[in-house]
Amino acid sequence: MDEGISIYGLEFQARALVSQLAENNEIRFFIATQSLKPNNQIHLLEVNEDGDAALKPTIFSHPYGEVWKLNSSPHDANLLVSCCSSQQGSQVSMRTMLLTLPDGDAVPEDGQEFLSFKNAEELPLDGHGGEVKTTEFHPVDSNILATVVDGKVLLMTRAESQTRVVAEVTSKNCPKFTSGKWSQHHQGNQFITLHDCTIRSYDIRDSNHTAWTIEDAHAQLVRDIDCNPNKQCHIVTGGDDGCIKIWDSRNTKEAVFVRSDHSHWVWSVRFNTFHDQLVLSSSSDSKVLLTCASSVSSEAQADDAITEGGSKERLHDGLLQTFEQHEDSVYCVEWSSADPWTFASLSYDGRVIVSKVPRQYKYQILL
């Protein structure tokens, strides 16, 4: 086995992976299966670097359908949300479930193989549509969630169980939203949508009010987006053109950083939470890439100052490492919320690989 790499296999196919965001001490990831059978699961995978078993799973039953998207709360480690679909006869219906983990000493119920969630609540869509793309926890207010469904973004306040439309595709000929994500900046008032090749940020305080737009961000469909946690105007995107691009929302005419190292669709892109010059991407080419965007990172000025002093050579822009342990399309890649050097990736065949940033790059950043 390669240094710093651990492998975990699921029984079913899967395409949903997320870090347990509110857990800052232990390295943990949620993974959900996508099976047409009624016995889907969510695995809570803990990385134990000291014990004999490198990966320790806790498995929960998910009887609500095959999971397409999974998000964890940044406020409550026991809270997550799944976007899932189930089939009844010839009808396929999608919904979003708010799930609460049981207490730490919980055991499976009689006749059950896996743990059950302490609580499972279906979030209301109020008849606004049926094709749920994602449900996202608000970065500041633990009481608010946003759901991208068909051509709308719905804002829900949990205490009131009410929804309101904050963004909507009004033209009949326009494609629907493909995904969306909160910006953790701007007091949590901006929600960014992906709309075919276009990226659009909405100010939720005023329905359908556009804060900024990037037209034709990619030559083909934009698959994923992430916000730089350390630079409020920078976002990274990945698309079907095989490119990853970093944009400055103050000037959207052209990207400030572009790489085209993937040979197929880019499904996932993520900034490192602490060292934002490190960017992960995963693709249908079965590869996970670690890229350096040092020149546009929040640490660029400090690196330049050290370089001029002659005591350190900073990491240069470009591809740092290719991880090729997967054999199928890699739908997700996520950094750990507890360790900035650890990340997990998930391919469609159910293979989860936990990897680390190679030591030479880690030391080059830290020293």
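Start with the aromatic rings: the structure holds eight aromatic pairs, where rings of Phe, Tyr and Trp (its six-membered ring) pair if their centres lie within 6.5 Å, with planes under 30 degrees apart called stacked, over 60 edge-to-face and the rest tilted. Before you click further, note that this is a predicted model, in which local features need pLDDT of at least 70 and side-chain atom pairs count only at pLDDT 80 or more, while totals for chains, interfaces and linings use all residues. Residues are numbered from 1 along each chain as its sequence is written, and side-chain values use heavy atoms, leaving out hydrogens and water.

**Stop one: Trp 267 and Tyr 331**

Select Trp 267 and Tyr 331, an edge-to-face pair at 4.6 Å centre to centre with 85° between the planes. This pair ties together distant parts of the chain, as Trp 267 is in strand E22 and Tyr 331 in strand E26 (residues 330-335), 64 residues apart. Strands (E, at least two residues) are DSSP runs, numbered from the N terminus, as are helices (H or I, at least four). Trp 267 has a relative accessible area of 17%, so it is buried; that word means under 20% relative accessible area, with exposed over 50% and partly exposed in between (1.4 Å probe, protein chains only). Tyr 331 is buried too, at 14%.

The charged end of Arg 15 sits over the ring of Tyr 331, 4.2 Å from its centre, and that of Arg 223 sits over the ring of Trp 267, 4.3 Å from its centre. For this, CZ of Arg (or NZ of Lys) has to be within 6 Å of the ring centre and within 35 degrees of the ring normal.

**Stop two: Ser 268**

Step along to Ser 268, also found in strand E22. Ser 268 is buried, with a relative accessible area of 2%. A polar atom of the Ser 268 side chain lies 3.4 Å from the backbone nitrogen of Val 333. Leaving aside neighbours within four places in sequence, Ser 268 is in contact (heavy atoms within 4.5 Å) with residues including Asp 224, Leu 280, Tyr 331 and Cys 332.

**Stop three: the sheet**

Zoom out to four strands that form an open antiparallel sheet in the order E22-E23-E24-E25; two strands pair if DSSP finds at least two bridges between them. Strand E22 (266-271) and strand E25 (318-323) stand at the edges with a single partner strand each, so one side of each has no neighbour in the sheet. Five bridges join E24 (residues 288-292) to E25. To see one end of this pairing in residues, pick Thr 291, whose bridge partner in E25 is Leu 319.

**Stop four: Thr 237**

Finish at Thr 237 in strand E19 (residues 234-239). Is Thr 237 buried or exposed? Thr 237 is buried, at 0% relative accessible area. Its side chain makes a polar contact of 2.7 Å with the side chain of His 218; such a contact is a pair of N or O atoms within 3.5 Å, where within protein one must be able to donate a hydrogen and the other to accept it, and residues adjacent in sequence count only if both atoms are side-chain atoms. Beyond four places in sequence, the contacts of Thr 237 include Ile 199, Val 222, Trp 247 and Val 269.
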